[in-house]
Amino acid sequence: MGCVGSSADGEAKRKTEDVDYKNIADDNPDYPPPYIPDSCRDEVIDKDVNSRIQTRIDTMPKQMDQTYESLLKYLSEGATKEAHHVTAIFLWMRCQDYHDDALDLEKDGDTPRGYMKLIKAGEGDFTTFFTILCRRSGIPCKILHGLGKGKDYYIGKPDRQMTTCWCAVFADEEWRLVHVQWAMAGATDDNQNVQNGQANADFFFFTDPDEFATICHPENFRWQLLNQAYSKEEFIKLPYFTPAFFQMDASILGLKAGSVTTHNGKMDFEIAFPRKQMDNIQIKCLLTYQQPLKDMDKKSEAPKTLEKFVFVNRKPSKFICELVFPVPGRYLFDIYNVDANKNGAKIKDMLCQFRIQSDRKFTEETLPEPLPEVPPIGWGPGPTCRKLGLVPLTHFEGCIYMKPGETRDIHFRLTRDLDVVPELTHSYLPIYQLVEQVESEITEDELRLSVQIPEDGHYALKVFAREAGTKDYHLACVYLLRQREKPRLPENYERGHRRKHRDKMLRARLERHLETHTSRKELQAALDALDLYNVPDKGERKRADVKIKQYWEVKTELNSAIKGRNGNVLRKWLERARASPYTADLQDDIKRAEAVDGSLGRRKGYMHPIARMDPHTMTEIHNYRRPPRVAHDVMMATYLLLGERKDDLEEWEQIQYLMNQPGADSLKRRILARRPEDVYVHVAEQADDVIKPYSMEKTREVSNGVSAFYKWNKQFIRDVQQRDMNERERNQLSRDLSGRETYRETDTAATSDATTTRPSNVFVGRGPPLQEEDSGTPREDSSEKMHNENSDRRDSSAQQKTRSNGQRKSEEQGNPVHPFAPEEKQNGHGAMLLRKFFASPSKPTEREAVTPVAYAGWKPQN
């Protein structure tokens with residue numbers, strides 16, 4: 001490896017690393033040691049820069065790749081950072097055709113096309129080629145070996161079949177991980193579409209260490225670049241996560257391992273996504289019977305189909321997968337992201353995989369009832385429902401719990417003119433017996449479904465919709481209707497227990513839930529316990545039923561109506577709340593509902609002129625050739641509030657084009673469907689700045705239609721600003737309350753004699769952060785923690801020496817502290833299996849090794 005020379009003008013000479021392309025070494029002793037990067041991938045990757053690099057690669061002259069010098073010089077021109085140069089190398093490699101017949105005519109030698117010929121012949125590989133290009137550019141690149149979970153991986157695969165290799169690149173004073181082989185395979189895979197292949201290729205370039213450590217495990221644990229490294233056993237036990245899992249910011253809640261065991265034949269999985277993405281996400285779960293248990297009866301047959309034993313319930317911010325294993329054995333459970341549309345669902349990406357072992361053997365009486373349907377669009381109001389024009393107002397989940405004979409109303413808002421047909425199905429009951437159990441009614445822009453179930457069991461409520469005037473109906477939404485599962489009476493429970501004492505305890509439990517507002521679920525469980533053990537009734541059941549219907553049901557439906565912002569439904573439940581015997585306890589919900597109802601009333605008032613506007617008035621505004629400035633600005637502000645960009649509204653012809661859109665995209669339809677919750681406050685302020693110079697009188701002088709739009713703009717902007725102010729007040733109040741609670745917990749912990757620890761809730765992926773174990777001290781804010789860690793990383797050499805002395809002293813006392821050991825192990829606690837990526841304080845502040853620029857083959861341009 002050469003050193004830096006200097007020319008007469010003071011510029012660094014280009015000096016490259018000597019590379020034997022036929023026998024390249026994995027490492028170089030002059031390379032910097034491994035340490036955790038300070039920044040994540042999104043802070044380094046610039047999409048605009050990558051786009052310019054790709055454009056330059058697409059226009060590269062043909063003869064430029066004949067030598068390494070000419071190729072690397074071309075790729076480095078204009079690069080201001082080493083990361084840009086490495087990105088150019090990666091993008092150039094991804095664009096090459098390694099199956100081109102012209103490579104057979106190339107001469108063997110130390111040239112880029114010569115090594116591409118070796119790759120085609122199977123004598124070279126992408127990892128080595130990438131390493132050669134980086135080292136000849138003067139950028140340190142190390143080849144790492146270890147275990148990897150590729151696209152053909154499954155839980156339980158032998159270790160000998162998991163070997164792989166990847167690269168660590170030292171660019172801009174930071175180590176970055178690149179799995180070139182998998183990136184190239186993803187980009188050139190003919191079995192998947194181009195978009196998915198490019199996404200997988202991008203994921204394996206400069207991958208964040210916390211995500212990469214769940215997919216690849218190096219032989220040297222330091223090259224995980226994590227503050228808390230995984231052992232090999234921990235890596236094998238992790239669930240199988242794919243690149244799509246991290247790219248969608250998914251999180252697995254609760255589970256810590258990829259292989260789990262159940263003894264009751266059932267299991268629930270929870271996978272969460274960012275709330276703002278839930279309306280566009282649909283998942284599909286595939287349960288596969290893998291093999292029987294060793295001690296399983298040989299006469300037992302494997303189940304033919306498992307689709308009806310997998311229920312995926314949609315929640316506002318997560319999916320809950322309820323699994324039933326009808327036969328003992330080992331199962332593989334895969335979760336996929338699907339592309340849902342009106343014609344069904346198409347599997348798009350696999351997200352994660354688990355292996356479950358069940359040792360429960362069901363009988364015909366104990367086997368849970370299978371699902372009546374396996375809807376291709378999934379359960380609940382998903383993306384297909386909204387695409388067809390149905391927006392749920394009351395029931396946002398995929399499951400509705402109800403009892404036989406009970407009537408349940410389900411409301412939807414129609415964003416377009418639709419014909420809707422509901423249908424109720426059951427596993428064995430014929431459809432003609434269920435026709436009278438469901439009714440539908442459409443009033444203005446709202447759909448109401450009224451449904452009952454005749455007896456116990458699982459029912460599927462399917463909603464078909466078609467746009468008025470079209471021929472075919474499409475499946476828009478499917479709900480699962482069922483009763484809550486009741487707990488089973490333990491065998492021989494009466495033996496050794498006094499009935500009188502048991503009944504007293506059960507009544508006391510129910511009384512506690514009747515006096516306090518704990519939760520509806522706990523109250524219902526206490527009531528079911530009385531029925532389960534046949535406790536004599538002394539009036540508790542009637543009081544519990546009254547509280548469930550008059551308090552919990554009213555509270556739940558009232559809050560759903562507030563979220564749905566439907567005036568008719570809101571006023572119905574508001575009247576129920578005012579007439580409830582628990583009115584005093586519902587005051588906070590009633591005040592919120594009254595505020596929303598008043599807002600909807602004002603909105604209806606200022607939307608009335610637009611709803612009743614004569615089509616000729618709209619046509620008159622549309623036909624302006626040279627409109628007055630006030631008309632142009634008012635319509636610009638209107639479309640800004642409807643979600644259009646201001647740059648697209650500068651010309652009047654563009655506004656005319658938008659006003660000419662038919663159907664659901666028409667101006668009137670869009671205004672009637674727009675809600676203040678759909679608009680950011682900065683957009684409303686931008687629209688307010690546009691119409692601020694005008695008044696109602698000035699707009700009336702131009703046109704009554706322009707005046708109606710001006711009135712709608714002003715009131716809508718005020719509603720958005722009021723909503724933003726209310727949200728900030730609620731957030732501030734919640735922060736104040738949480739701060740008081742933290743100090744209260746701290747004072748309590750300080751006065752207690754013994755310190756108790758609480759198991760942490762573990763999350764995997766880019767979702768909600770980990771909750772650290774309570775240690776009796778106030779929790780440190782994540783931003784402050786990162787600031788402190790960054791400060792530790794920049795300690796002076798004297799502080800580093802002091803820290804080293806402290807570690808040496810701890811080791812002399814019999815407690816060796818490993819520099820890469822988890823903090824839980826150093827504190828005496830059990831190490832958590834799943835970890836998040838934190839910046840490490842182990843990065844050296846002063847190194848004798850030269851910087852990348854010192855021995856680089858190119859110099860960053862200012």
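This note reviews the predicted model point by point, from confidence and overall make-up to single residue pairs.

1. **Ground rules.** The model is predicted: local features need pLDDT of at least 70, side-chain atom pairs count only at pLDDT 80 or more, and totals for chains, interfaces and linings use all residues. Residues are numbered from 1 along each chain as its sequence is written, and side-chain values use heavy atoms, with hydrogens and water left out.

2. **Confidence.** The protein averages a pLDDT of 78. This score is the predictor's confidence in each residue, from 0 to 100. At least 70 is reached by 77% of the residues. Two stretches need care. Over residues 1-14, pLDDT stays under 50. The model has 22 contacts there beyond four places in sequence, a contact being heavy atoms within 4.5 Å. Residues 187-194 also stay under 50, with 7 contacts beyond four places in sequence. Where pLDDT is low, the predicted coordinates should not be read in detail.

3. **Overall make-up.** The protein has 27 helices and 23 strands. These are DSSP runs numbered from the N terminus: helices are H or I with at least four residues, strands are E with at least two. Of the 862 residues, 47% count as buried. Buried means under 20% relative accessible area, exposed over 50%, and partly exposed in between (1.4 Å probe, protein chains only). Among contacts between residues at least 6 apart in sequence, 70% join residues at least 24 apart.

4. **Surface.** The accessible surface comes to about 45700 Å². Carbon and sulfur atoms hold 47% of that surface. The areas come from the Shrake-Rupley method with a 1.4 Å probe; for residues, only the protein chains shown count as cover.

5. **Helix α15.** This helix covers residues 540-564, 25 residues in total. From first C-alpha to last it reaches 34 Å, close to the 36 Å expected at 1.5 Å a residue. The expected span is 1.5 Å times one less than the number of residues. A kink of about 30° is centred on I548. The bend at a residue is the angle between axes fitted to the seven residues ending there and the seven starting there.

6. **Salt bridges.** The rule asks for a side-chain nitrogen of Lys or Arg within 4 Å of a carboxyl oxygen of Asp or Glu. By this rule the count comes to 37. D409, E441, R448 and K572 are linked in a network of them.

7. **K462 and E423.** Their closest N and O atoms are 3.4 Å apart. K462 lies in strand β21 (residues 459-467) and E423 in strand β18 (residues 418-426), so the pair ties together parts 39 residues apart in sequence. K462 is buried at 13% relative accessibility. E423 is partly exposed at 24%.

8. **E644 and R670.** This salt bridge has an N to O distance of 3.2 Å. E644 lies in the loop between α19 (629-641) and α20 (652-659) and R670 in helix α21 (residues 667-673), so the pair ties together parts 26 residues apart in sequence. E644 is partly exposed, at 23% relative accessibility.

9. **R723 and E727.** Here the N to O distance is 3.8 Å. Both residues lie in helix α24 (residues 704-751), 4 residues apart, about one turn of the helix. R723 is buried at 15% relative accessibility, whereas E727 is partly exposed at 33%.

10. **R275.** Where does R275 lie? It sits in the loop between β9 (266-272) and β10 (282-291). R275 is exposed, at 54% relative accessibility. Not counting residues up to four places away in sequence, R275 touches P316 and S317.
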